[in-house]
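Hello,

Here is the structure I promised to hand over. My notes follow below it.

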Amino acid sequence: MNIQQYMQNIGIEARKASRLMASADTNQKNIALSAIATAILREKSALLAANQLDLESARANGLEPAMLDRLTITEKSIVSMAEGLNQIASLADPIGEMSNFKYRPSGIQIGQMRVPLGVIGIIYEARPNVTVDAAGLCIKSGNAAILRGGSEAIHCNQALAKLVHEGLAAAGLPTTAVQIVETTDRAAVGELITMKQYVDVIVPRGGKGLIERISNDARIPVIKHLDGNCHVYVDDDADLDKAMRILENSKTQRLGTCNTTESLLIARSVAKEMLPKLAAMLTSHGIEIRGCAETCALVSQALPATEEDYYTEYLAAIISCKVVSGLDEAIAHINQHSSQHTEAIVTENYTKARRFLREVDSSSVMVNASTRFADGFEYGFGAEIGISTDKLHARGPVGLEGLTSLKYIVLGDGHVRA
């Protein structure tokens with residue numbers, strides 16, 4: 001196969017489809033989403049069988065546990081895929097929305113209109129649900145998508161792609177609006193991230209190595225986050241029961257996600273009372289604690305932490321822990337060590353909560369809530385195409401609005417410039 005020609009053909013078809021998708025009406029797009037959701041539920045057994053083929057191959061190839069977790073789909077996750085599509089269908093269509101109108105002294109009226117980005121290239125590892133989330137969000141936001149999933153999920157991704165095409169066809173939309181790159185040759189990625197004549201933005205989802213490669217080599221704008229070194233800070237004024245529930249959910253619900261907490265900070269004034277209890281809960285879940293000297297003095301099972309530990313996204317049953325003097329040191333530590341993904345404070349002090357929200361420089365900042373909520377589905381987006389820790393265009397979970405931009409529109413009635 002000539003990879004360059006193959007990818008060029010995909011790009012040409014995607015650009016053509018993007019023009020049609022930009023003019024598609026809301027009803028058409030919603031019909032497609034509903035049809036895909038129905039097909040996914042109908043083909044549940046076939047999808048599980050395809051996923052099993054991928055899992056067997058992944059285990060034989062020694063794929064690490066965190067990646068196996070991301071690769072696995074269940075009946076529950078299939079239902080969640082369909083629910084996400086139906087939720088996207090229920091959301092307001094952002095395309096064509098006009099806002100910010102004002103008259104100028106010349107008599108013209110200027111405003112802005114929300115429009116699709118065009119062609120979105122999504123490169124991802126393991127997670128088959130990304131195929132559905134990305135397709136759904138791109139369809140509703142009037143974009144075309146080129147999806148390049150990892151080789152480890154090839155069977156499931158191809159099975160899902162057929163269902164996406166079925167839904168698009170049912171709505172009278174071009175099936176080329178969502179294309180799956182069917183080759184596992186890595187050269188296809190190199191082509192995709194440099195086809196600036198056909199692709200408007202790249203969204204990489206996967207490990208840090210993949211995202212760094214894409215960010216360094218792409219000749220197209222990239223929406224990304226490198227890793228998820230998320231923090232929970234237990235404040236002087238924290239409620240212990242809340243801290244226990246929030247930390248347990250943030251760290252132990254799933255180990256392999258980017259919104260899982262990797263570091264615990266706790267105020268010195270409450271560390272003696274609270275930290276041993278929090279640590280006992282963590283170790284009961286098999287979590288290894290790596291802590292500062294004060295942590296190790298209070299928690300017998302804790303191992304000494306290195307400075308590198310405080311920068312690390314473990315994606316494993318490990319958490320770093322540091323006792324801090326209070327809010328100022330907690331904020332300074334987070335802003336230095338975090339990946340600007342998601343941070344949470346546990347406190348009953350309104351003033352401190354406001355300071356934490358304002359001063360912590362991350363894409364999602366939470367008060368008395370688990371970091372696991374940093375997710376497009378939980379934010380009401382139906383799904384997400386990824387999470388951005390960049391500060392331009394989109395930040396945090398990227399849903400429909402993040403896949404659009406604004407253009408200026410001018411209304412006149414024969415006006416000419418003096």
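In which helix does Asn-51 lie? Asn-51 belongs to helix α3, residues 44-60; helices (H or I, at least four residues) and strands (E, at least two) are DSSP runs, numbered from the N terminus.

Before the rest, a word on the basis: this is a predicted model, where local features need pLDDT of at least 70, side-chain atom pairs count only at pLDDT 80 or more, and totals for chains, interfaces and linings use all residues. Residues are numbered from 1 along each chain as its sequence is written, and side-chain values use heavy atoms, with hydrogens and water left out.

Asn-51 is buried, at a relative accessible area of 2% (buried means under 20%, with a 1.4 Å probe and protein chains only). Its side chain reaches the backbone oxygen of Leu-71 at 2.8 Å. Leaving aside neighbours within four places in sequence, Asn-51 is in contact with Leu-71, Thr-72, Ile-73, Pro-128 and Cys-156, where contact means heavy atoms within 4.5 Å.

Now the sheet. Seven strands form an open sheet in the order β10-β9-β11-β8-β7-β12-β13, with parallel pairing; two strands pair if DSSP finds at least two bridges between them. β10 (303-304) and β13 (364-367) stand at the edges, each with a single partner strand, so one side of each has no neighbour in the sheet. Strand β9 (residues 288-291) pairs with β10 in the parallel sense over two bridges, and Gly-291 stands opposite Pro-304 in β10.

Helix α10 (residues 240-252) packs on the sheet, touching β7 (230-234), β8 (261-267), β11 (318-324) and β12 (342-346).

Best wishes

Notes
Buried < 20%, exposed > 50% of the residue type's maximum accessible area, 1.4 Å probe, protein only. Polar contact = N/O pair within 3.5 Å; in protein donor to acceptor, adjacent residues only side chain to side chain. Axes fitted to C-alpha atoms, helices over the stretch in contact; angles between N-to-C directions.
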